[in-house]
Amino acid sequence: MEFAFTDKMRGLQDQVRAFMEDEVLPAEPLYRDQVHASGNPYHHPQVMEDLKDKARSAGLWNLFLPDPEWGAGLSNLEYAPLAELMGRSVIGPEAFNCSAPDTGNMEVLTQFGTRAQQEEWLVPLLAGEIRSCFSMTEPEVASSDARNIQSRIERDGDQYVINGRKWWTSGAARERCKISIFMGKTDPDGEPYRQQSMILVPLDTRGVEHVRNLSVFGYDEGEGHSEMTFTDVRVPVSNLLQEEGDGFRIAQGRLGPGRIHHCMRLIGMAERAVELMCRRVVQRTAFGKPLARQGVIQNWIAESRCEIEQARLLVLKAAWMMDTVGNKAAKAEIAMIKIVAPRMAQQVIDRAIQAFGGAGVSQDTPLAQHYAHARTLRLADGPDEVHLMSLAKQELFRRVPHEG
Ligand SMILES: Cc1cc2nc3c(=O)[nH]c(=O)nc-3n(C[C@H](O)[C@H](O)[C@H](O)COP(=O)(O)OP(=O)(O)OC[C@H]3O[C@@H](n4cnc5c(N)ncnc54)[C@H](O)[C@@H]3O)c2cc1C
């Protein structure tokens with residue numbers, strides 16, 4: 001394993017760190033105020049456009065995309081510490097055009113899109129002009145097993161007709177979200193992993209309806225996790241990604257990078273929680289001494305440091321393996337980090353909330369929002385149990401091949 005940072009990596013880290021400290025973190029209250037003032041929780045505030053202009057001018061743009069033709073051409077290992085820094089704020093990734101679910105969708109279009117699909121959708125996404133969403137999960141079926149997805153994509157001449165109900169389509173309610181990558185069945189009687197396909201559905205197509213937006217822990221993060229219906233939605237056959245039956249193959253290509261990006265950002269979120277916790281506990285005194293001198297609080301800080309370092313090393317190993325042996329061979333490591341990083345972040349942020357007392361669950365710190373975010377990542381992109389199952393099967397196969 002080789003994780004040493006090159007001079008180029010250190011330079012980029014310094015730039016992203018400075019941008020986060022000088023531009024993004026100070027913009028958080030203004031971002032909230034501008035969204036609030038608009039009366040629309042999914043409003044795209046001017047402050048975000050200003051941040052994007054600055055990041056683009058500084059060359060800190062599309063850093064997630066390893067393809068040098070379209071993106072910055074960084075490896076996963078080079079990008080990992082940058083994503084970690086961006087993850088310190090929920091508004092950080094978008095400022096660099098590196099936010100979910102767009103990064104996963106842009107990866108799909110880069111790897112699997114035709115030239116025409118790339119011109120129409122990838123180019124404006126890479127320019128930060130529009131946003132996108134990914135519609136796989138359905139309310140009626142256990143979607144952690146994607147074979148259950150029931151929506152239909154049926155060919156009718158030179159069009160596909162799409163019918164289905166989706167929910168948790170993150171980002172669909174955002175003002176600038178224009179396109180969905182939609183998963184559904186083209187061949188319900190086919191071999192289980194060849195029944196599904198993916199197709200591009202512009203959100204202004206007739207028959208696409210927003211039903212409602214789902215809250216997270218009872219409040220709306222502004223992400224716009226939409227429940228949507230698709231009724232006799234017609235798109236040209238040229239909107240299909242790859243061939244009929246390639247849905248699972250594309251999903252695998254999308255989920256590897258998407259998962260590691262989430263994990264990298266969670267490490268940044270956990271780092272910020274420890275930083276906030278340390279600053280707070282030296283300022284507050286209870287029962288005759290600063291909280292920082294209470295053994296239990298010192299334990300929280302030390303345990304958090306150990307857990308962050310463990311998770312980071314595992315994420316760096318996964319990134320290094322994705323770069324050197326490919327996403328498929330790094331399957332176990334990708335499952336491991338998707339299990340470890342959200343749990344770690346949830347635990348660390350929880351300790352910071354406790355150390356802050358009542359303020360920790362209020363709007364006065366980013367901790368409550370970050371906690372909710374970390375918790376949802378134990379479900380989104382596959383629940384913990386599915387990754388544990390996949391990991392156990394791989395381990396069994398390695399040790400006792402006939403059991404795998
Ligand atoms: C904040 C958020 C954002 C999301 N964004 C998107 C998005 O943009 N696009 C999209 O398509 N989806 C999105 N999702 C949906 C997410 O991917 C699904 O919720 C997830 O895949 C689980 O599917 P489900 O909700 O149908 O749960 P189910 O499949 O009904 O599973 C319920 C529970 O069963 C358990 N379980 C499942 N399999 C096993 C097993 N093998 N062993 C033991 N226990 C098991 C798990 O605990 C699981 O949580 C998002 C979800 C959240 C919360």
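Author: The largest cavity in this predicted model has a volume of about 80 Å³.

Reader: How many cavities of 30 Å³ or more are there?

Author: The count comes to 1 cavity of 30 Å³ or more.

Reader: Which residues line the largest cavity?

Author: The lining of the largest cavity consists of K52, E94, N97, C98, S99, D102, M106, L125, G128, I130, R131 and R176.

Reader: And how does that lining divide by class?

Author: The lining of the largest cavity has 5 charged residues, along with 4 nonpolar and 3 polar ones.

Reader: N97 is in that list. Where does N97 lie, and what is its phi?

Author: N97 is found in the loop between α4 and α5. Its phi is positive, about 55°, although N97 is not a glycine. Most residues other than glycine have a negative phi.

Reader: Which peptide bond is cis, and where does its proline lie?

Author: The cis peptide bond joins A100 and P101, with omega at about 0°. P101 lies in the loop between α4 (92-95) and α5 (102-112). For context, most peptide bonds are trans.

Reader: R176 also lines the cavity. What does E49 touch?

Author: Leaving aside residues up to four places away in sequence, E49 touches H44 and R176. E49 itself is found in helix α2, residues 46-57. The side chain of E49 also makes a polar contact with the side chain of H44, at 2.7 Å.

Reader: Let us turn to the ligand. How many residues surround it, and which are the closest?

Author: The ligand is surrounded by 18 residues, and the closest are T137, S144, W168, S170 and E385. By class, this shell has 10 nonpolar, 6 polar and 2 charged residues.

Reader: Which helix gives the most to that shell?

Author: Helix α11, residues 384-399, gives the most, with 3 residues.

Reader: What do the backbone atoms of F134, M136 and W168 do there?

Author: A backbone N or O atom of F134 lies 2.8 Å from a nitrogen atom of the ligand. For M136, a polar backbone atom is 2.9 Å from an oxygen atom of the ligand. W168 places a backbone N or O atom 3.1 Å from a nitrogen atom of the ligand.

Reader: How much of the ligand does the protein bury?

Author: The protein buries 70% of the 980 Å² that the ligand exposes when taken alone.

Reader: A last topic: the second largest pocket. What is its volume, and which residues line it?

Author: About 170 Å³ of space lies in the second largest pocket. Its lining is made of F5, Q13, R17, A80, P81, E84, L85, M264, I267, R312, V315 and L316.

Reader: Which helices supply at least two residues of that lining?

Author: They are α1 (7-38), α3 (76-86), α7 (247-283) and α8 (295-324). Helix α3 gives the most, with 4 residues.

Reader: What classes of residue are found there?

Author: The lining of the second largest pocket has 8 nonpolar, 1 polar and 3 charged residues.

Technical notes: Residues are numbered from 1 along each chain as its sequence is written. Side-chain values use heavy atoms; hydrogens and water are left out. On a 1 Å grid over the protein atoms alone, a cavity is a set of points where a 1.4 Å probe fits but cannot get out, and a pocket is an open set with protein on both sides within 12 Å along at least five of seven lines; lining residues have an atom within 4 Å of a point. Grid points are joined across faces, edges and corners, and a volume is the space filled by probe spheres set on the points. Ala, Val, Leu, Ile, Met, Phe, Trp, Tyr, Cys and Pro count as nonpolar, Asp, Glu, Lys and Arg as charged, and the others, Gly among them, as polar. A residue is near a molecule or strand if one of its heavy atoms lies within 4 Å of it. A polar contact is a pair of N or O atoms within 3.5 Å; within protein, one must be able to donate a hydrogen and the other to accept it, and residues adjacent in sequence count only if both atoms are side-chain atoms. Accessible areas come from the Shrake-Rupley method with a 1.4 Å probe; for residues, only the protein chains shown count as cover. Contact means heavy atoms within 4.5 Å.
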